[in-house]
Structures are given as structure tokens and as C-alpha cells.
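Subject: Structure for you to look at

Dear colleague,

I am handing over the structure that we spoke of, and below it you will find my notes on what was found. Please read them with the model open beside you.

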Amino acid sequence: MAAPDFYFAINATFRHLHDVYGKAALIDYWRSLGREYYRSRTDRWKNGDLQTLAVDWQNYFAEEPQAVVDVTVAAHAVEVNITVCPAIKHLRDNHRDIVPYFCEHCDHICGAMADVSGYTFHREGGGGSCRQRFVQLPSGTEEARKC
Amino acid sequence: MLGCQDFCGHYEWTFHYFRSRWGQDALRRLWAEAIGGESQQHYAKVALQAGLRGLYDQYVKTGEEEHCDWTYTLDESKNVLRCDMRECPSKGFLIKNNLNADEDYCDHCQGWELPLTASVGLEIVEHEHNHCGQCWTVYRLKDRSAELVDVAADIRKDERWRCGFIHRWEKDRRLPLLSFVSESSDPCDVLVQWFAANNCITILGDDIDSPGASREPPLHEQTAVLTTDNTYANRERCPVDPVAVLIGHDAANLTALATRFLATSPGRRPLLLHPYLPRMPILDFVSLELPRPIPILPLLIRCGLYVHQPSGANPGPVELLFLLALALQKRISLAGVDIHLHPKVGRLLVKHKKD
């Protein structure tokens with residue numbers, strides 16, 4: 001049930017959290033969501049390889065209306081090139097006031113998902129198109145982090 | 001990225017995030033301000049422009065986008081817009097994906113709709129939902145009288161309406177869940193009120209034959225017994241009238257339970273309870289003339305005693321009774337229960353008679 005109007009609720013929830021509880025609370029919400037709600041996905045990433053992560057993002061964006069996204073596997077990393085961000089596009093098409101920190105949700109949700117599954121997350125760009133990279137941590141790093 | 005394909009899942013998770021950090025009012029504020037006030041502003045706009053007709057057109061559009069199995073009936077001459085939802089895709093997403101992070105997902109619809117409709121001069125005359133994906137709503141322009149319409153699509157004529165427990169709204173107000181127990185519409189309040197007079201609860205299981213099963217304390221008329229449907233259905237195992245009975249999803253003895261329940265005078269009947277877990281058999285209590293059981297998961301979730309694990313095994317009925325007694329902060333004694341600490345799982349497990 002990928003109804004694009006749901007992006008309105010996502011954008012509005014970010015604004016509400018930011019305006020009522022502050023930026024730190026919004027970041028905590030994003031990171032908790034990445035860690036907890038997406039646990040089944042990060043468990044698969046943790047137990048799989050780069051291809052597992054790449055296929056997961058390919059499948060995910062395939063269900064997002066109007067997304068134009070290319071996912072590739074590089075050496076020790078998965079690159080997600082987002083030419084058209086479906087959320088930003090739908091919000092803009094419908095003249096919605098997009099919160100200025102909208103793109104940061106990827107940094108924190110994907111960052112938290114990466115943290116628990118042996119990757120680091122990096123984003124370049126934003127505002128409707130960006131390049132995201134999930135870089136594999138050297139073997140043993142994740143265990144060291146847990147300690 | 002946070003997508004719209006699994007929106008209902010992270011929306012529900014968000015409700016629990018709000019409730020657990022900032023309380024019930026914070027979640028109501030999120031629904032009213034962020035969802036009703038901002039996200040759904042296009043509903044308010046069309047309602048202001050064209051009244052019930054505008055709302056009808058918007059809902060038809062939404063229904064197509066979200067693949068809703070519903071019927072909207074508009075009769076402007078009678079000042080009525082009515083919705084009958086046969087299969088809510090939003091609740092359906094949670095059931096299909098075995099998600100249950102929050103206490104009450106269905107509550108969110110009235111949570112945003114009611115402030116929105118009130119702000120544009122509409123009233124929700126009546127609304128009911130059964131927490132299983134079925135609901136109905138009647139709207140009117142508040143400044144004119146309305147004449148209720150009888151519709152063929154009335155969801156209450158559908159056999160699925162016999163399942164679940166009902167929350168009801170009249171004239172923009174949510175009604176008590178069980179008015180003879182509490183004026184509150186919150187199932188947690190109903191449970192607290194029902195057990196208020198009992199400081200100690202005896203959990204009565206049906207494992208009277210196992211060497212490991214506890215037999216004390218002896219049961220007598222003053223004992224507040226909490227038991228399962230299987231035990232209650234067998235009068236030899238449960239000779240006293242229990243204060244409450246948890247009906248599990250497998251409820252093999254539901255007919256026997258109904259026979260005993262209905263033969264008991266109303267003042268001595270137990271409160272019927274049920275977990276209403278997702279992806280478990282949905283039971284029809286109404287056809288057996290039983291009252292719809294009160295849900296126990298909201299209280300367990302609110303107290304932090306239950307976290308739904310989509311890939312994990314569900315707790316059994318006696319384990320749920322333990323959690324309920326803990327949530328109610330009662331002293332607990334056991335009878336007919338063989339309990340042990342599982343060395344690998346690291347939690348208390350109840351040995352079931354069939355094990």
C-alpha cells in the first residue's frame with residue numbers, strides 16, 4: 001500500500017517533533033526508528049553480504065512511487081544513487097512546505113541501520129537527489145564496537 | 001529513506017514512541033496537529049469548499065490510492081455522509097506483517113479526523129471500529145439536522161463485525177468501553193478498575209497432574225482467581241467463580257466456556273479477556289452470545305511488560321496472565337501451574353499440559 005500522500009504525514013511528523021520537542025528529540029526518533037522498527041531488515045544485512053544490502057534497497061525503492069534510483073555494489077560498499085527522491089518530488093508536486101531538515105532523516109535512520117549491521121553510512125547531496133553509500137566496516141570492527 | 005510503502009508499520013511504531021516517552025496526550029496532539037492539522041489539510045480544504053460532497057470526493061480518491069475495500073454513501077438531502085469499511089488496508093498491513101508495537105492503532109483515525117472535521121463545521125455523529133479492520137462512520141454538517149440512512153453496505157451486517165472489541169463514538173465523543181465497570185474508554189483503566197478490590201490474585205492453570213505443578217493455595221470463595229478458557233470450561237478444575245478468564249486464540253473449549261458463563265448469574269460472571277494478537281485466529285464471540293473480551297495487550301505494552309516480536313513465539317495464556325497480574329501490581333499465587341526458568345530463553349516459561 002504505497003500511497004504517496006503518506007509522505008505528507010512523514011513530513012508533518014518531523015515538523016511536529018522538531019517544533020514541540022526539539023531537534024535532539026527528532027534525531028533520537030530517527031535513530032530509534034532505524035534501530036528498532038527496521039530490525040528485521042538490519043538482521044538480514046548483518047547476516048548477508050553486500051549483495052543482500054543492495055537487493056534490499058533495490059526492492060525498497062521499487063515500491064516507492066516515482067522513485068528514480070540506481071543501486072550498485074562497489075568494493076566494500078553499496079551505492080544508492082537517488083536521481084529522483086520520491087518523497088521530495090511528491091511533496092513539491094503538491095506544494096507542501098518541506099521541513100528544511102527533511103534529508104537528515106536518511107542520515108540518522110540509515111546511519112542507525114548501518115551502525116547495527118556492520119556498515120557506515122554517508123550521504124552527498126540532497127534536496128531531491130543524492131548519493132548514499134553504505135561502506136562495509138573491516139571485519140571485527142563491529143565486535144569491537146559492541147565491547 | 002523512510003518510504004510510504006511501509007508507512008503503516010512505522011506510523012504504528014511512531015505511536016508507541018510518542019506514548020512511551022510523552023504519554024497519551026502527546027500522541028493525541030500529534031494526531032490532531034501534525035496529521036489532522038497539516039498532513040490531511042487537503043481534507044479540510046475540500047470540506048470547507050463543498051461540505052460533505054467535498055469530503056466524499058476526497059475519500060473516494062484516497063480509497064482508490066490506498067485500495068480501500070469500503071463504501072462511502074452520500075445523501076446530501078439527509079445531511080449524511082457514511083463510510084462502511086470492510087477491510088482496512090492500514091490495519092491489514094499490520095496484521096499481514098505481524099506488527100503490534102502500539103496499544104491501539106485504530107484510535108488514530110478518530111484522533112486526526114475528529115479535530116479536522118470539527119474545525120470545518122462537521123460532526124462525527126457515530127463511529128465504531130472493531131480493531132480487526134472493520135469500521136463505520138456517519139458525518140453531518142453540524143448546523144443542520146441529519147436523518148440517518150439504512151444502507152446495504154452496513155458493515156454491522158457482515159459476519160466479520162462479530163469479531164474484535166468495539167470502540168464507539170457518539171457526537172464527537174468516545175464512549176466508555178464497559179460502562180458498568182468504568183466511565184473510561186481506555187481498556188487499561190477498565191482492567192485496573194475491575195481488579196481494584198483484589199490485592200492478591202491466584203492464577204489457576206490446568207496442569208494439576210504434573211509433579212512440578214503448584215497446588216497451593218487452596219481455592220475458596222474469597223480467592224480472586226484468574227484463569228484460562230480451558231480451565232474455566234472444566235468446572236472440576238475451576239470450582240469457584242473466577243474474577244476474570246483469559247480466552248486464548250486456540251480457544252478449543254469456547255462453547256463449553258460460553259455454556260458456563262451464560263449459566264452464571266450476571267453479578268458473578270468473570271470479566272472475559274483476550275490478547276487479540278495479530279496473525280492469530282480471529283474469534284467470533286458474539287455468535288456464542290458472549291460479551292466481546294477486553295484486550296490485555298494495551299496494558300502490558302504500556303507497562304513495558306510486552307514487546308511484540310514479529311518473528312518470535314507468542315506467549316501462552318498462563319504467561320499472559322502472569323504479565324497481567326504484574327501489570328496490575330498484585331501479589332500472585334499459583335495453582336495448577338508448572339513454571340520454570342528456561343536456561344536458554346532466560347525467562348519464565350509455563351509448562352503446558354499438552355507439552
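B:Cys132 has a relative accessible area of 12%, which means that this cysteine counts as buried. Please bear in mind that this is a predicted model.

Turning to the strands, chain B has an open sheet of 6 strands in the order β1-β2-β4-β3-β5-β6, with antiparallel pairing. Its edge strands, each of which pairs on one side only, are β1 (69-75) and β6 (173-174) of chain B. Within chain B, strand β3 (residues 122-129) and strand β5 (residues 167-170) are joined by 4 bridges in the antiparallel sense, and B:Glu128 stands opposite B:Arg168 of β5(B).

In chain A, strand β1 (residues 68-74) pairs with strand β2 (residues 77-84) in the antiparallel sense, over 7 bridges, and A:Val73 has A:Val78 in β2(A) as its bridge partner. These two strands, β1(A) and β2(A), form a hairpin with 2 residues between them, and A:His76 in the turn has a positive phi of about 60 degrees. β2(A) is also joined by 6 bridges to strand β4 (residues 129-136) of chain A, the two running antiparallel, with A:Ala77 opposite A:Val135 in β4(A).

Next come the charged side chains. Side chains of opposite charge can pair when their charged atoms come close, and the count comes to 36 salt bridges over all chains. One of them is formed by the side chains of B:Arg19 and B:Asp102, at 2.8 Å from N to O. That pair links distant parts of the chain, 83 residues apart, with B:Arg19 in helix α1 (residues 7-22) of chain B and B:Asp102 in the loop between α4 (89-96) and α5 (107-119) of chain B. Both B:Arg19 and B:Asp102 are buried.

A salt bridge with an N to O distance of 2.9 Å brings together the side chains of B:Asp107 and B:Arg28. Here too distant parts of the chain are linked, since B:Asp107 lies in helix α5 of chain B and B:Arg28 in helix α2 (residues 24-39) of chain B, 79 residues apart. B:Asp107 is buried, with a relative accessible area of 3%, whereas B:Arg28, with a relative accessible area of 35%, is partly exposed.

The side chains of B:Arg140 and B:Glu123 also meet in a salt bridge, at 2.8 Å from N to O. B:Arg140 is in strand β4 (residues 135-141) of chain B and B:Glu123 in strand β3 of chain B, 17 residues apart, and both B:Arg140 and B:Glu123 are buried. Salt bridges that share partners join B:Arg19, B:Asp102, B:Glu103, B:Asp186 and B:Arg302 into one network.

As for the aromatic rings, the count over all chains comes to 30 aromatic pairs. The rings of B:Tyr11 and B:Tyr105 have centres 6.3 Å apart and planes at 85 degrees, and therefore this pair is edge-to-face. Because B:Tyr11 lies in helix α1 of chain B and B:Tyr105 in the loop between α4 and α5 of chain B, the pair ties together parts that are 94 residues apart in sequence. B:Tyr11 is buried at a relative accessible area of 7%, and B:Tyr105 is buried at 3%.

B:Phe165 and B:Tyr276 form a tilted aromatic pair, 5.1 Å centre to centre and with 55 degrees between the planes. Ring pairs also link A:Phe6, B:Phe7, B:Tyr11, B:Phe15, B:Trp31 and B:Tyr105 into a cluster.

Lastly, a note on the surface: B:Leu305, B:Leu326 and B:Ile332 form a nonpolar patch there, with about 220 Å² of accessible area together. B:Leu326 is found in helix α10 (residues 317-327) of chain B, and B:Leu326 counts as partly exposed because its relative accessibility is 46%.

Note on methods. Residues numbered from 1 in each chain as written. Chains lettered and ligands numbered in written order. Predicted model: local features only at pLDDT ≥ 70, side-chain atom pairs only at ≥ 80, totals over all residues. Heavy atoms only, no water. Patch = residues over 30% accessible without salt bridge, like charges linked within 9 Å, V, L, I, M, F, W, Y side chains within 5 Å. Areas by Shrake-Rupley, 256 points an atom, 1.4 Å probe, with all protein chains shown as cover. Salt bridge = Lys/Arg side-chain N within 4 Å of Asp/Glu carboxyl O. Buried < 20%, exposed > 50% of the residue type's maximum accessible area, 1.4 Å probe, protein only. Pairing = 2+ DSSP bridges. Phe/Tyr/Trp six-rings, centres within 6.5 Å; stacked < 30°, edge-to-face > 60°.
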